[in-house]
Structure formats: structure tokens, C-alpha cells
Amino acid sequence: MEKFIRDSTLNFLQSNNILTDRQYGFVKGSSTTLQLLTILDEWTEILENGGIIDTVYFDFQKAFDTVPHGRLIELMQHYHMNASVVAWISDFLSDRKQFVRVNGVSSEVFSVASGVPQGSVLGPLLFLVYINSMVEKVDDDGVYLFADDLKAFQKIESDDDSEILQQKIDRMNDWTQYSLLKFHPQKCKAMRITSARKQPSKICYSISDRMITQVSSIDDLGITFNHHLTFEQHINNKVNKANSLAGMIRRSFVHLDKEMFRTLFKSIVRPHLEYGATVWNPLQGNLITVIENVQRRASKRLPGMVHLSYKERLKLLDLPTLEYRRYRGDMIELYKLFNHHYSEKVSVRLLRSLQNKAPRNSSRNHHLVIYKDPCQKTVRRSYFKCRVTDQWNNLPEYIISAPSLNTFKNRLDDFWKCNDIMFDAEVNLHETTSSRRVRYREVNKEKNSNLEQ
């Protein structure tokens, strides 16, 4: 029953453009990766032009537990939601009880006067409806949400821009006074993002006259950002975690055959090295090697593998290189964007940036060739759009025009299996020489012909 109410309510909110396009949490057709790619498109463009960015990350105190039921119902009525649905939700929230049990001893039973039921189907959507009113009160330019994870940023060119960001913070804080969702000033953080090598200058922002702590790095939706938008710290953290898990697997099994290792590595170790990889995928050779060494060392410890080369081990295990996996993830992300797997409302900014336009003085390989912006600074060259343009443009038409995502994945893998390239760590997947493109076309010429027929 909750699913019926949730789906009809969400359909009403989206069809009437009530939910802000800055909200990426608990909404079909959005993701953490999509939000971070959209933000990085703005940030890296500012840095490319020599600008700096001030960003404030907000932390709510027990956000899901403090939503007042009465004001939530009033807000639904304000949005002109169906009266019967609002009445049903009001009854769904009312007369709830809670108690605590420790070692078989229970506390008194208390009435639940606020909060959305956590663990329920409907609870997340009710929270989105409530926090949506904050974006209505605040100029949403530079504001992004993922459920209760909130951040606001401003391009800084003068002291006036810092004042604009402070006014935005003040308006958010004013909303919390009415909504009863309080910020936790000690846990809110501010970070100045700049491409300059020297340490960022001090910034001063406050919530209710309490200064916000300035940091040089922060965890944002599971990915560590620093004030230069380089991801060495995130990569090193994930590599250490993955190495630890790979060692745990090896110590936990007296006998570990190829199939067991492949299953355990793919399900336990590799996800730590791939989450959000389209955001932080490095171009630097030293970082690529550091990541690849996790799989290189883990595969070498298998019985009978010590004398084989890394490429031979991967072929026997049917495991592609980690660099190829990240490349594959980049291509899948582009396919999903161009084929509208994401909600158009939340992906429109990124799609607008990925102009569907053929590069000048170049031949079209397919109908979705995108234009490559000139990038001078490393931070912009490493960004998703600039990093993947050549790789995407060099794919043949039969891959790009795949009718489904699974078909696209299969055709992409088959394309790169030629000469065992997907198992070869020495191949630079970012290299786009004309000779390599010709070689790929020759290898796949017969396959392309059969598919077209």
C-alpha cells in the first residue's frame, strides 16, 4: 500500500514540477555520481578560467527524526495534493509508539510526535517533500541536495561574492528555525577550492554567529574531495581498504581456486575501487599503477600463478584490468546520459555541457560525436567530459547505437577483446592515435558487417 501512495505522490510532484531539480536523493533516474559529475562540471570550468570556489557543507541534527508531522501535512496541502492521499498519510503518521529494549528490559512507551518512519517505503519521499520547501525559500543557484546531504557554493571574485554566500547560508538557517530541522554548526564545514599551489586563504562563514570550520578535504557522498579537486587521498584510502580486504580473503581460505577468487574479488574488493570512478578516474600514470597493483598482487598469490605474467593471469581468471573497468564505466555513463536512463530534469545540466556536436575538421565515427572543449589545466583535463571525449568519439556506430544497455556493454567488451587489450595493463586506454583506430576497425570489420546485415 505504501508503494501505491509513494508512486502516485511522486508522479504528482514530478508532473507538476514541484520537486526541485537540485534534489538527487530517493528520486528515480538520479544518482550520487550524476550529482557529483554535474557539480564538477561547474567547478572545473571555474578553475579553468582562473576562479576560486567557496563551498559549505551542511549537517542536520537528526534530520529524519525531527520532521514535524503537522507542518508536513500543511505543506502537502499547500502543494494541492489529493485530499484523500493527504488524509491517508496523516493517519499513517499518527498514533505511532516507540520504546527501547536493552538486555530484555524495556523502557516506557512514548508517542512519536515527529519524524518520518525510517525503514518504511514512504518515509524517504515524505522527507523530500518537507526539505523541498527550503529550496523554495533560498535562491537555488549553487545549492545541491542528496536527501539531507546539503551543500552550497559560490564563485568568488570579490568580497561581495562571499557576502552572497553568507546571505544564502542565513536564509537556509532562517528556514531551519521555522522547519525545526536544525543545523549542527560544529559539523558544518567550509572549503575553498582553488587551482593555486599555495594554501587557500582563510574564509569566514557563520551559522547563528558561530563560525563554520574550514577544512582542506571532505567526504562528499562517499568520495573524498580536497581543495585542489585532486583525488590522490581518495584513491589511497580506497587502495588501502582494498588491499586489506584482499589480504583477509587470502588468510581466510586454506584452499582458494580460480573461480572462488574471481567471485570474492569481484564482490568484496573491486567495488571499493570502482564506486564513483567516473568522478575520480585518474589520468596520472602513478595513480593508475597504484590502483592496478591491488589486482596484480592479489592475483599473483593464487596457486600456480606466481610465474605467470599479469596479462596471462587475467586471461586465465577472465578478469579485465581495473583501468579497463574504469574506462568501461565512463562509456556506460555516457550511454546512459544520451539514452535518457537518467531523469531529464536532473541530468539536463550535464547533457547541455556534453554538446552533441562533431569536432571541427574530423570525420564522424557515429551520430553522437561530442565536441571537446580546449582544456589548459590538469583539473579540467581530468574531468569526466574532457577525459572521455576522444574515447567516446572513437567508438564505432554499431556500439553507440546499441538498443539496450546490456547490449552496449557486451559489444563494448567484444570490441576491446581484440588482441586481448582488455587484459593488457600496458595499453594506454587514453591514447587515441589514428593507427590504433585503423587497427580496431580492421579487427572488427567482419563483425561490424555481420551486425549491420
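**Ser 162 and its surroundings**

Tutor: Leaving aside residues up to four places away in sequence, Ser 162 touches Asp 54, Ile 156, Arg 192 and Tyr 205. The model is a predicted one. With one of these residues, Tyr 205, the side chain of Ser 162 makes a polar contact of 3.5 Å. Ser 162 is part of helix H6. Its relative accessible area is 18%, and the limit for buried is under 20%, so Ser 162 counts as buried.

Next come the strands. An open sheet is formed by 5 strands, in the order E6-E7-E1-E8-E11, and the pairing is mixed. Strand E6 (143-146) and strand E11 (213-214) are the edge strands, each pairing on one side only. E6 runs antiparallel to strand E7 (residues 149-156), and 4 bridges join the two. Across from Tyr 144 stands Lys 151 in E7.

Arg 22 lies over the face of Tyr 144, 4.7 Å from the ring centre. Ring pairs link Tyr 144 with Tyr 24, Trp 43, Phe 153, Phe 225 and Phe 231 into a cluster.

Strand E12 (residues 217-220) pairs with E13 in the antiparallel sense over 4 bridges. Thr 224 in E13 is the bridge partner of Asp 219. The two strands E12 and E13 form a hairpin with 2 residues between them, and Leu 221 in the turn has a positive phi of about 55°.

Over the whole structure, a search finds 18 aromatic pairs. One of them joins Phe 60 and Phe 183: the ring centres are 4.9 Å apart and the planes are at 35°, so the pair is tilted. Phe 60 lies in the loop between strand E1 (52-58) and helix H3 (69-78), while Phe 183 lies in the loop between helix H6 (159-179) and strand E8 (189-193), so the pair ties together parts that are 123 residues apart in sequence. Phe 60 is buried at 7% relative accessibility, and Phe 183 is buried at 5%.

Trp 392 and Phe 408 form another tilted aromatic pair, with 6.3 Å from centre to centre and 40° between the planes. Because Trp 392 is in helix H15 (residues 384-393) and Phe 408 in helix H17 (residues 405-416), this pair ties together parts that are 16 residues apart in sequence. Both Trp 392 and Phe 408 are buried.

Last, the cysteines. A search of the whole structure finds 0 disulfides. Cys 188 is in no disulfide, and the nearest cysteine sulfur, that of Cys 204, is 16 Å away. A disulfide needs the two sulfur atoms within 2.5 Å. Cys 188 counts as buried, at 0% relative accessibility. Cys 386 is buried as well, with a relative accessible area of 6%.

Technical notes
Residues numbered from 1 in each chain as written. Predicted model: local features only at pLDDT ≥ 70, side-chain atom pairs only at ≥ 80, totals over all residues. Heavy atoms only, no water. Phe/Tyr/Trp six-rings, centres within 6.5 Å; stacked < 30°, edge-to-face > 60°. Buried < 20%, exposed > 50% of the residue type's maximum accessible area, 1.4 Å probe, protein only. Lys NZ or Arg CZ within 6 Å of the ring centre and 35° of its normal. Pairing = 2+ DSSP bridges. Polar contact = N/O pair within 3.5 Å; in protein donor to acceptor, adjacent residues only side chain to side chain. Contact = heavy atoms within 4.5 Å.
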